[in-house]
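Here are some notes for a first look at this entry. Please read them with the sequence and the structure open.

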Amino acid sequence: MDKRTPRVLEVTVISAEDLRINDRSIKKNAFVVVQTDYSINYRNTCIDTEGGSYPSWNEKLELPLYHNVRFIRVEVQCKTGSSARMIGEAKIPISDFIGDYIPPHYVHFLSYRLRQRDGERNGIVNLSVRVKVPLYRTFLPSGVQAANENYDGIAVGIPVSYGCTV
Amino acid sequence: MGGCLSDVRGGQEAVGGNKTDPTTTTDMGSSGGGGGTTHNDAVDFFFRSHGCHGLFSQLELSLSATGLRDLDVFSKSDPMAVVYAKKIDGKLEEIGRTEVIMNSLDPVWIRKVSIVYQFEIVQPLVFRVYDIDTKYLNFSVKTLKLDEQDFLGEASCALSEIVTKHNKSLALKLIERNGQGGMRHQGTLTVHAEETVASRQAVEMIFRCSKLDNKDLFSKSDPFLRISRIVEGGTIPVYKTEVVKNNLNPTWKPVCLSAQQFGSKASLLLDTPLVIECFDFNNSGSHELIGKIQKSVADLEKLHLEKVGENFRIPTSSTRKNHMKVMLKGQLFVDRFSEKTRYSFLDYISSGFELNFMVAVDFTASNGNPHLPTSLHYIDPSGRLNAYQQAIFEVGEVVQFYDSDKRFPAWGFGGRPINGVVSHCFNLNGSPSEFEVEGVNGIMSAYSSALHNVVLAGPTLFGKVIDRASQIASQSLHNQTKYFVLLIITDGVLTDLQESIDALVRASDLPLSILIVGVGGADFTQMEILDADKGKRLESSTGRIATRDIVQFVPMREVQGGQISIVQSLLEELPGQFLTYMRSRDIKPLFVNEAQTSA
């Protein structure tokens with residue numbers, strides 16, 4: 001068990017393009033599963049019932065990001081009847097959005113080619129990724145904590161709390 | 001064709017405690033494959049890339065002066081200012097003049113002078129102030145002959161010097177040349193530039209149709225909308241939506257219309273009359289008209305507020321009623337209508353945002369021995385610039401105005417420093433640690449000096465210099481006001497095209513644009529691949545796809561003989577790339593934050 005507090009990875013799944021099953025465009029019901037390579041940590045988007053092979057979700061998902069995670073996996077699936085079928089996946093290296101020079105809170109807009117299980121290319125998934133700095137809950141009064149939790153904007157420089165003197 | 005797409009949710013604020021969720025979407029919202037998909041991909045990427053297509057801004061110059069010389073014996077001077085554009089041949093073309101202010105040595109002129117701002121060229125201006133003789137005070141200023149008036153002083157600057165100043169105001173010293181050939185400073189002229197208010201107006205609408213006529217034989221229509229503005233003698237298209245396949249009740253993605261698309265004459269966006277045509281998409285390109293509606297933007301807002309639809313009409317070919325239009329049962333609805341302020345490139349620049357210029361020069365052996373006149377790197381003793389020098393100078397003299405410290409990173413690639421190994425990113429000034437040089441002249445000096453200290457080698461690789469520029473851009477991400485422009489000048493084909501593509505894909509999420517100039521006579525097919533104008537979205541070897549188009553390529557030979565300089569072709573897309581980056585992250589000009597902080 002990792003004793004360090006994990007960072008929070010915020011993934012906004014924006015949309016996908018040109019999704020196909022057996023080379024035929026899907027008609028509806030696409031959704032996305034995002035997970036780290038710790039397989040117990042995963043999140044789903046809702047199902048897009050109208051977008052067809054060009055679905056749009058604009059849905060924000062949050063996952064814990066432990067320090068030894070190497071990549072996140074984004075899998076696009078299609079709900080069929082009572083089960084779901086895999087369309088394609090993308091493996092996103094952590095280095096694509098965490099680097100020596102990237103400041104905290106920087107929002108990355110990323111697009112990736114999806115690969116089917118057989119390795120064939122499928123469509124494209126578009127998302128934005130941001131790493132939130134950890135909140136040390138034991139050291140902050142609840143007011144500041146609440147304010148910080150509500151603060152979701154792009155920070156310039158060092159984040160400051162609002163409405164409270166530190 | 002202009003236009004922009006935005007998915008920023010209405011009512012969400014970008015500053016303070018409220019949540020910000022900037023998103024960039026490339027979804028097409030349609031199903032089915034084939035031509036429709038290809039068509040939608042092209043349309044959507046086109047709009048994303050051209051966040052501000054063909055940028056030009058109408059500016060109004062306001063003039064005032066202080067400390068003018070007193071020429072009248074019994075009264076003060078009666079000053080008037082005249083504004084000229086200095087042409088390439090040095091001649092002055094008058095673009096406007098103010099009214100005469102009577103009895104004042106510190107005039108504040110009311111009449112404004114209009115000028116079109118073009119980012120991609122240097123626009124030198126000359127201002128002259130005259131004391132109008134008393135006997136002419138009842139004349140129209142247009143009829144005044146300037147050589148009959150007393151000359152008070154002259155000042156000159158580039159238009160970009162004005163717009164890059166905080167609040168777009170620049171103070172200039174007025175210089176008078178007396179009869180003995182000397183010069184004297186007499187008074188100060190202040191020039192303030194303002195974009196017309198209409199430039200910032202934009203309207204975002206979501207259109208929906210119901211019960212469209214079916215034009216397809218074995219399936220439903222594939223409708224799209226085309227929006228045109230009405231001009232004398234016809235219409236000019238300003239926007240086209242994506243195609244929604246197989247749907248008689250389509251909803252399209254948000255349409256964004258700005259005053260800029262209607263030209264400088266449109267003073268009020270809401271009153272603009274529009275023609276909205278609905279077509280059935282055909283792969284052949286001859287799309288079939290489903291119906292047509294003529295409405296002003298204000299009318300569309302009314303439709304939205306009243307939640308009613310408007311019936312389409314279609315011209316009939318009936319011989320009896322030749323000009324009658326048949327009303328169809330298909331209707332157009334406006335599901336969303338929101339007015340918004342679309343900040344312009346000049347809003348960002350005048351509030352303190354900067355363009356930081358960087359240069360990378362090709363030192364591979366294919367350029368030829370620099371000592372020989374046939375070499376692309378030949379330094380002509382007469383002072384005539386070679387192709388590399390020309391590209392550096394022409395791009396640098398435009399972009400330098402947008403950089404406050406004017407210290408430019410300058411690199412070479414593909415050369416071997418004396419007693420060193422081949423480097424694909426070495427400092428042009430020869431320093432092991434310092435990569436910046438002072439001004440455009442500093443780049444030119446470092447370049448000439450490097451030719452004596454570097455042996456041309458090879459191969460041609462872009463990846464290292466692109467990564468180095470990306471590193472600098474990454475290090476500046478804490479300061480959102482910096483945007484970087486890397487100029488790469490090269491003569492040859494790439495040894496590793498994929499390495500360059502990978503570097504460009506990594507860079508596409510950063511505040512960086514890359515201009516590539518091809519010199520000499522090589523085959524530049526690979527460069528066309530890198531330039532998204534002519535190629536498709538770049539995909540890296542790991543499957544990552546470019547977030548946006550950041551590359552512009554121009555071969556030197558195509559433009560040297562023409563009227564449009566290489567600089568114009570290279571730089572015209574830069575404000576659009578800048579705006580695409582800023583808007584996708586909901587970054588606003590600094591004065592917006594200032595205003596909200598003080599409120």
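1. Where in chain B is the place of B:Lys406? B:Lys406 lies in the loop between helix H5 (387-399) and strand S18 (407-413). Its phi is positive, about 50°, although B:Lys406 is not a glycine. Most residues other than glycine have a negative phi. B:Lys406 has a relative accessible area of 28%, so it counts as partly exposed.

2. Keep in mind that this is a predicted model. Chain B has a mean pLDDT of 80. In chain B, 80% of the residues reach 70 or more. Two stretches need care. Over residues 1-39 of chain B the pLDDT is below 50, yet this stretch has 125 contacts in the model beyond near neighbours in sequence. Residues 45-55 of chain B also have a pLDDT below 50. Beyond near neighbours in sequence, that stretch has 30 contacts in the model. Where pLDDT is low, the predicted coordinates should not be read in detail.

3. Now the chain as a whole. Chain B contains 13 helices and 26 strands. Of its 599 residues, 54% are buried. Take the contacts in chain B with a separation of 6 or more: 72% of them join residues 24 or more positions apart. The accessible surface of chain B is about 25,800 Å². Carbon and sulfur atoms account for 51% of that surface.

4. Look next at the loop between strand S22 (454-456) and helix H7 (463-475) of chain B, where B:Thr460 is found. B:Pro459 is in this loop too. A cis peptide bond joins B:Gly458 and B:Pro459, with omega about -10°. Most peptide bonds are trans. B:Thr460 has 6% relative accessibility, so it is buried. Leaving aside neighbours within four places in sequence, the contacts of B:Thr460 include B:Asp362, B:Phe413 and B:Asp496.

5. Is B:Asp586 buried or exposed? B:Asp586 is buried, because its relative accessible area is 17% and the cut-off for buried is under 20%. B:Asp586 sits in the loop between helix H12 (574-584) and helix H13 (590-598) of chain B. Phi of B:Asp586 is near 55°, a positive value in a residue other than glycine.

6. Finally, a strand residue. B:Ile230 belongs to strand S10 (residues 223-231) of chain B. B:Ile230 is partly exposed, at 33% relative accessible area. B:Ile230 and B:Pro273 are 43 residues apart along the chain, but their C-alpha atoms are separated by 6.2 Å. Not counting residues up to four places away in sequence, B:Ile230 touches B:Thr235, B:Pro273, B:Val275 and B:Gln294.

Key: Residues numbered from 1 in each chain as written. Chains lettered and ligands numbered in written order. Predicted model: local features only at pLDDT ≥ 70, side-chain atom pairs only at ≥ 80, totals over all residues. Heavy atoms only, no water. Helix = DSSP H or I, 4+ residues; strand = E, 2+ residues; numbered from the N terminus. Buried < 20%, exposed > 50% of the residue type's maximum accessible area, 1.4 Å probe, protein only. Contact = heavy atoms within 4.5 Å. Areas by Shrake-Rupley, 256 points an atom, 1.4 Å probe, with all protein chains shown as cover. pLDDT = per-residue confidence, 0-100.
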